[in-house]
Amino acid sequence: MGVIQVFKNGRFEELFAQLFIAGFGVINSWPIYEAMVLRSDKGKMPLMTTVKAIGGVLGWRYCRVRNGNDNEYCCLV
């Protein structure tokens with residue numbers, strides 16, 4: 001449901017629920033974002049760990065999209 005449709009139809013409850021869930025996920029992941037990007041001291045997550053994690057997730061997602069079935073298990077080995 002697009003934002004324009006929400007304003008046209010007046011269904012603000014659905015938009016609020018989606019924003020609440022997305023915001024909840026961001027708030028709960030904030031320590032991870034901080035460790036990956038925002039910190040500048042020695043407690044920062046190593047760059048190679050961040051790159052490997054992002055590469056693994058992107059590779060996993062590419063494999064699932066390429067197979068055309070999000071419910072199918074994908075092995076990158």
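Buried means under 20% relative accessible area, exposed over 50%, and partly exposed in between, using a 1.4 Å probe and protein chains only. This is a predicted model, where local features need pLDDT of at least 70, side-chain atom pairs count only at pLDDT 80 or more, and totals for chains, interfaces and linings use all residues. Residues are numbered from 1 along each chain as its sequence is written, and side-chain values use heavy atoms, leaving out hydrogens and water.

**View 1. The protein chain has 3 helices and 0 strands.** Helices are DSSP runs (H or I, at least four residues), strands are E runs of at least two, and both are numbered from the N terminus. The pattern along the sequence is α-α-α. Of the 77 residues, 9% are buried.

**View 2. Residues 15–38 are 100% helix and 0% strand.** The end C-alpha atoms lie 29 Å apart. UniProt, in an unreviewed entry, lists residues 15–38 as "transmembrane region". Its positions follow the numbering used here, feature names are shortened, and annotations may be inferred rather than shown by experiment.

**View 3. Ala-35 sits in helix H2.** Ala-35 counts as buried because its relative accessible area is 16%. Leaving aside neighbours within four places in sequence, Ala-35 is in contact (heavy atoms within 4.5 Å) with Lys-44 and Met-45. Pro-46 is 11 residues from Ala-35 along the chain, and their C-alpha atoms are separated by 8.9 Å.

**View 4. Val-37 belongs to helix H2 (residues 12–38).** Val-37 counts as exposed because its relative accessible area is 56%.
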